[in-house]
Amino acid sequence: MRGLGTTVLARGRAGRVSEQSRRAGDRRLAAIGDRYCVALCAADGPAADAVVEEALSAGIAPTTIQVGVIMAGMRRIGELWEQGEITVADEHAATGLSYRALLPLQEPLQIAPPRSRERVVLAAVEGQTHVLGLRMVADVLEGAGFEVLYLGADVPCGALRAFVAEHMPALIGLTSTQAHDAPHLAQEIVAIHEVNPLLHP
């Protein structure tokens, strides 16, 4: 019984250590994300790039950097814009810098031979211009070996339907972040289903 008690105690300590390590990692990631946001607010490209390179050198997974650093920084930029603390020009500059910051992550994301898996189409619905997240998804899928056809922002429904009919992907991903884009999203889903009833966006 003493041995069993010791084992349970050891597991409890291991759990606490693991939780403490996770929290420390979360705080570290948040701090890196804050520094990245500061660089974006200053329109300081070299500083933003350095933050991403530092995160990679520290062994942080590229997908974690995408979400916990770049997207977290851009989310804060969006909040500042909504509060009137920065202009749309500042937001556009931050977006451009964030696209550049994705480039060093592409090679670490490569875990399978290029175009060794199915074809995927990624597009933003008509009227949708925010596609940084979609680009991140494209990078992850390309790294996993999928053949990604990335159409980018504001794809009209008719053009998407024709493209899908021509290229017949195995999967299609659509992005829409604004409530007023919902009708376009519904239209494009219906159009895709009409082209290929077996394809589910």
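Where does H4 bend, and which proline follows within four residues? In this predicted model, the bend comes at Leu103 and amounts to about 30°, with Pro104 as the proline in question. Helix H4 itself covers residues 88-109, which makes 22 residues. From its first C-alpha to its last it reaches 31 Å, close to the 32 Å expected at 1.5 Å a residue.

H4 also has a set of buried residues, among them Glu91, Ala94, Thr95, Ser98, Ala101, Leu102 and Leu105. Spacing like this is worth a look: an α-helix has 3.6 residues a turn, so residues three or four places apart point the same way.

Helices H3 (62-82), H4 and H5 (132-143) each supply at least two residues of the lining, and H3 gives the most, with 8. Sorted by class, the lining has 10 nonpolar, 9 polar and 4 charged residues.

Then there are the cysteines. The disulfide count comes to 0. Cys37 is in no disulfide, and the nearest cysteine sulfur, that of Cys41, is 4.1 Å away. A disulfide needs the two sulfur atoms within 2.5 Å, so at 4.1 Å the sulfur of Cys41 is too far from that of Cys37 for a bond.

Technical notes. Residues numbered from 1 in each chain as written. Predicted model: local features only at pLDDT ≥ 70, side-chain atom pairs only at ≥ 80, totals over all residues. Heavy atoms only, no water. Expected span 1.5 Å × (residues − 1). Bend = angle between axes of the 7 residues up to and from the residue. Buried < 20%, exposed > 50% of the residue type's maximum accessible area, 1.4 Å probe, protein only. Nonpolar A, V, L, I, M, F, W, Y, C, P; charged D, E, K, R; others polar.
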